[in-house]
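Please look over the sequence and the model shown below before reading on. The paragraphs after it go through the structure part by part.

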Amino acid sequence: MIIRPITVLLTCEHGGNEVPANYRKLFAPHRQLLKTHRGWDPGTKELAEQWHQQRGCVLQVATTTRLLVDLNRSAHHRSVFSEITRSLPQAEKEELLSSHHTPHRTRVMEAVSAAIASGQRVVHIGVHSFTPELNGEVRNADISLLYNPVAAWESSIARQWREVLRCSSVKPRVRLNYPYRGNSDGLTTTLRKAFPADRYAGIEIELNQAIPIAGGRAWQTYRDICIESLSEVLR
C-alpha cells in the first residue's frame, strides 16, 4: 500500500459580509441583515488565516456576503441566491455567478487537482460557523464536523478529530453531521464527485458563533485546539 503525503486545503466561503460597489444601492435597506449570520460566518476568516499562517496550508478565502451569491451552494441550488438577489434579471444573476461563484470554486478545484496530480492526498477543510439559535431552537454544540459517512477515509478523519477535540483543554461539545448533514449540497459535496474518495476528503468544521463573538482568551484557545487537533490526527 502506498502512503501518500497529505496536503491540507482550507477554504472559507462566508468569510465576510462585503458588498461590491455596484450592489451597494441594492443592499442599502439590508445593512442590519448583513451583520447577522445570514450575511456571513463570524470567526471563520480569523480561524482560517491563523491556520494558514501556523501550518502553511493552502488557503482560499472569500469575503463577499453570502447574501449576494452563496459560494457554498451549487449554481443550480435554490438557495444560491438570497431573497435580495433572487429577483434580479437572469443576466445579472449569471454575472454574479461568473464574477464571484465560479472563480472561487474553480480556484479550489484547481488546488485539489494540482495536489492530486503531484501524488498527494488532499484533506479539504471548509471553515464555517453556525448561529447558536435558529427559529427558537438552541444548538447544543460548540464544534461540529460535517462529512460523508460512507467515505471511509473521510469518516475516519472526522471521527478521530472529534475524539482529539473532546480531549483538548476546553472539553468542547463536539458533534458529527450537526446541525447540518455532511452530504447535503455544498462545495465539499461537489468535489467528492470529482475526485477519488481515497485521494480527497472534504470535511466542514462548523463553530458555534457565540465563541468568536464573545472573543477573548476562550476564542483564541478554540482556534488553537482546532488547528492543533487536526495536525495530531493527520500525523
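**A walk through the model**

The lining of the largest pocket is made up of 12 charged, 12 polar and 6 nonpolar residues. In this count Ala, Val, Leu, Ile, Met, Phe, Trp, Tyr, Cys and Pro are nonpolar, Asp, Glu, Lys and Arg are charged, and the others, Gly among them, are polar. The structure is a predicted model, in which local features need pLDDT of at least 70 and side-chain atom pairs count only at pLDDT 80 or more, while totals for chains, interfaces and linings use all residues. Residues are numbered from 1 along each chain as its sequence is written, and side-chain values use heavy atoms, with hydrogens and water left out.

The volume of the largest pocket is about 810 Å³. A pocket is an open set of points on a 1 Å grid over the protein atoms alone, where a 1.4 Å probe fits, with protein on both sides within 12 Å along at least five of seven lines; lining residues have an atom within 4 Å of a point. The volume is the space filled by probe spheres set on the points, which are joined across faces, edges and corners. There are 30 lining residues, and R66, D70, R73, S79 and Y180 are the closest to the centre of the pocket. Two strands, β3 (121-130) and β8 (200-208), each give at least two residues to the lining. The largest share, 3 residues, is that of β3. Strands here are DSSP runs of E with at least two residues, helices are runs of H or I with at least four, and both are numbered from the N terminus.

Which residues of the largest nonpolar core touch the most other members? They are W51, I125, I143, W161 and I205, in a core of 33 residues. Such a core is a set of buried Ala, Val, Leu, Ile, Met, Phe, Trp, Tyr and Cys residues joined through side-chain atoms within 4.5 Å. Buried means under 20% relative accessible area, exposed means over 50%, and partly exposed lies in between (1.4 Å probe, protein chains only). Two or more residues of this core come from each of β1, α3 (44-55), β3, β6 (143-146), α5, β7 (174-176), β8 and α8 (216-234). Helix α8 provides the largest share, 7 residues. A separate core has 15 residues, including V19, F27, L67 and L88. In soluble globular proteins, nonpolar side chains tend to be buried together.

Beyond its neighbours within four places in sequence, I143 is in contact (heavy atoms within 4.5 Å) with residues including L165, V174, I205, L207, Y222 and C226.

Helix α6 (residues 187-194) has L187, T188, T189, L191 and R192 as buried residues. Among the elements covering them are β1 (6-12), α4 (90-117), β3, α5 (152-166) and β8. T188 counts as buried because its relative accessible area is 1%. Apart from residues up to four places away in sequence, T188 touches H124, Y200, G202, I203 and E204.

The loop between β7 and α6 holds several residues of note. G186 lies in this loop and is buried, with 1% relative accessibility. Leaving out residues up to four places away in sequence, G186 touches N72, R73 and R105. G186 and E204 are 18 residues apart in sequence, with 9.6 Å between their C-alpha atoms. P179 is in this loop too, and the peptide bond from Y178 to P179 is cis, with omega near 0 degrees. N177, also found there, has a positive phi of about 45 degrees although it is not a glycine. With a relative accessible area of 24%, N177 is partly exposed.

Other loops can be read in the same way. N135, between β4 (133-134) and β5 (137-138), has a positive phi near 55 degrees. Is N135 buried or exposed? At 77% relative accessibility, N135 is exposed.

T65 sits in the loop between β2 (58-61) and α4 and is buried, at 0% relative accessibility. The side chain of T65 reaches the backbone oxygen of G39 at 2.8 Å. Residues that T65 touches include G16, N17, V19 and F27, setting aside those up to four places away in sequence.

Notes:
A polar contact is a pair of N or O atoms within 3.5 Å; within protein, one must be able to donate a hydrogen and the other to accept it, and residues adjacent in sequence count only if both atoms are side-chain atoms.
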